[in-house]
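Hello,

Here is the structure you will be taking over.

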Amino acid sequence: MTTKFSKNTFLYVVISFLLFGCGETVTKKEYKSPDEEYGELFREVQLKFVFPDSKTFPDCVPKTSSVEILKKYEEQKSKKNFDLRAFVLENFKLPQTLSSNYMSNPNNSGEQHIDELWKVLIRQPKDEGGTLVPLLKPYVVPGGRFGEIHYWNSYFTMLGLQAAGKDSLMSNTVLNLAQLIQDFGHIPSGNRSYYFSRSQPPFFASMVKILSEMKGHEQKLVQYLPQIQREYQYWMAVENGGEDAQKQNEARKKGDKAYKKTVFLGKDDILNRYFDEKNTPRPEAYREDIATASKSGRNANEMYRHLRSGAESGWDFSSRWLRDGKNLKTIHTTDILPVDLNALLYNLEVTIAEIYRAKDEPEYAKSMQILADKRKAIFDKYFWNESAGFYFDYDFVAGKQTDVYSLAAVYPLFFKLATPAQAKKVAKIIEGKFLQTGGLTTTLNETNQQWDSPNGFAPLQYLAIQGLRNYGFNDLANNIKQNWVSNNLRMYKNTGKMVEKYNVYDLSLKAGGGEYIVQDGFDWTNGVLLKLLSEKK
């Protein structure tokens, strides 16, 4: 039987075969998510609040096999005076937070503090068991409750490693993430088994670019081309070659609007969304997800998918994903085309084309450039709002843009998708609405979600600063830099810590909101601050 592909799907699958091969993934070991492995025991531990933080139990390391532990549980759970917490502590080792006892030196400058923190935040590549997936080389973790590498954090951490001249840690970071692509077909949100069903904003190509700028690493872009291409396959839902392309085509013929992370628009256009492969509660936020789904009154599995996909975005959570712009129970992440994700994928397409030109393979370069140009040609149609003078996410189910002003709008400036006129309008709104005493607010909405007002995050400050500089708005960029750096150093002076997020409105207050308390460490704050401090005045 001959399958007739749409023009656009055909283009993706042909390029997939020509450039990427069949896309087979070879895993070294089978990893199970702990909710699947421990079943009833997992549910009981999470729902009975054995630990205050839902992430604690998924990160515990079993002292014996899961089969033995479950057998003991079945034998003991119905006995009088059975103590669930005692059972867990007897059969599992609690996750180590190696930075928890660290005390900063109040006499150190911000740069000296970060230099000491690299040692505190580095983890060694050993197989500790449990949900942690061992990597090839030492790696930097965010800090606090996060004892694993996190994908998009690593790009911003590398900025600081670059400023510090730590070539080996930079190289290790890229190698570790390349290993994950090679072994599992994509970079999971982090190197935990319960993160395998989703990724995070695809910064891998940008990370390889940073590394290739370091002396002695000039050929890294070419060296990591197979992994860069594999990641592109994953996001375009052709990681299984013709099989996925056929399913994608069949979905479109049935009238479906999307297949996995790809969304069908008009007659022949494809853009991308965040989409987790699973529709169950996140193990690391198990009781929170169940509570949210219950309060919503909506289909629980649909809710879990939206929550998981919101986590994949890195913005977990934000008014960007909320239908009413206020309440988490209205989350509908998978209905939304995010402006930042599609700018990242444009960069990924441009980067692959660039590598093929460097390899003197013009036909392959041309094929990828066609896809990049196609995405660029329709970018404004869906994301640019001329009357507002700003970029917005697009709700493809409703067939209209959302009305949430967010710093996702700086991505087209960072990746040079904006025209000078568009950049000027975005800059005006950034200065007039987003710029505060302590830096840029993430959105203009106050919802008690962490990726909303009044919070600011290091990655978005950096992307905004560099994006504005790309179009000559240097004074505004430097004002943002000054406000953000001062906020970071003020917090360090007062508390001895670099934290995950900052209140940019009221400098007397800490940031808040979200599913857990403010975490210290913190990898991307350290990386961006050190990068900004290293710039020539």
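This is a predicted model: local features need pLDDT of at least 70, side-chain atom pairs count only at pLDDT 80 or more; totals for chains, interfaces and linings use all residues.

Overall fold. The chain contains 20 helices and 16 strands. Its radius of gyration is 23 Å, which agrees with the value near 24 Å that a compact globule of 537 residues would have. Along the principal axes, the C-alpha atoms occupy a box of roughly 70 × 70 × 50 Å.

Burial and contacts. By relative accessible area, 59% of the 537 residues are buried. If you take the contacts between residues at least 6 apart in sequence, 69% of them link residues at least 24 apart.

Surface and charge. The accessible surface is about 21700 Å², and carbon and sulfur atoms account for 49% of that. The chain carries 71 positive and 64 negative charges. How far apart are the mean positions of the positive and negative charges? They lie 1 Å apart.

Helix H14. This helix covers residues 339-358, 20 residues in total. From first C-alpha to last, H14 spans 29 Å, close to the 28 Å expected at 1.5 Å a residue. Is H14 mostly covered or mostly exposed? H14 is mostly covered, with 16 of its 20 residues buried. After H14 comes aspartate 360, which has a positive phi, near 60°.

Regards

Definitions and conventions. Residues are numbered from 1 along each chain as its sequence is written. Side-chain values use heavy atoms; hydrogens and water are left out. Helices (H or I, at least four residues) and strands (E, at least two) are DSSP runs, numbered from the N terminus. The radius of gyration is taken over C-alpha atoms; the globule rule is 2.2 Å times the number of residues to the power 0.38. Buried means under 20% relative accessible area, exposed over 50%, partly exposed in between (1.4 Å probe, protein chains only). Contact means heavy atoms within 4.5 Å. Accessible areas come from the Shrake-Rupley method with a 1.4 Å probe; for residues, only the protein chains shown count as cover. Lys and Arg count as positive and Asp and Glu as negative; His and the chain ends are not counted. The place of a charge is taken as NZ of Lys, CZ of Arg, CG of Asp or CD of Glu. The expected span of a helix is 1.5 Å times one less than its number of residues.
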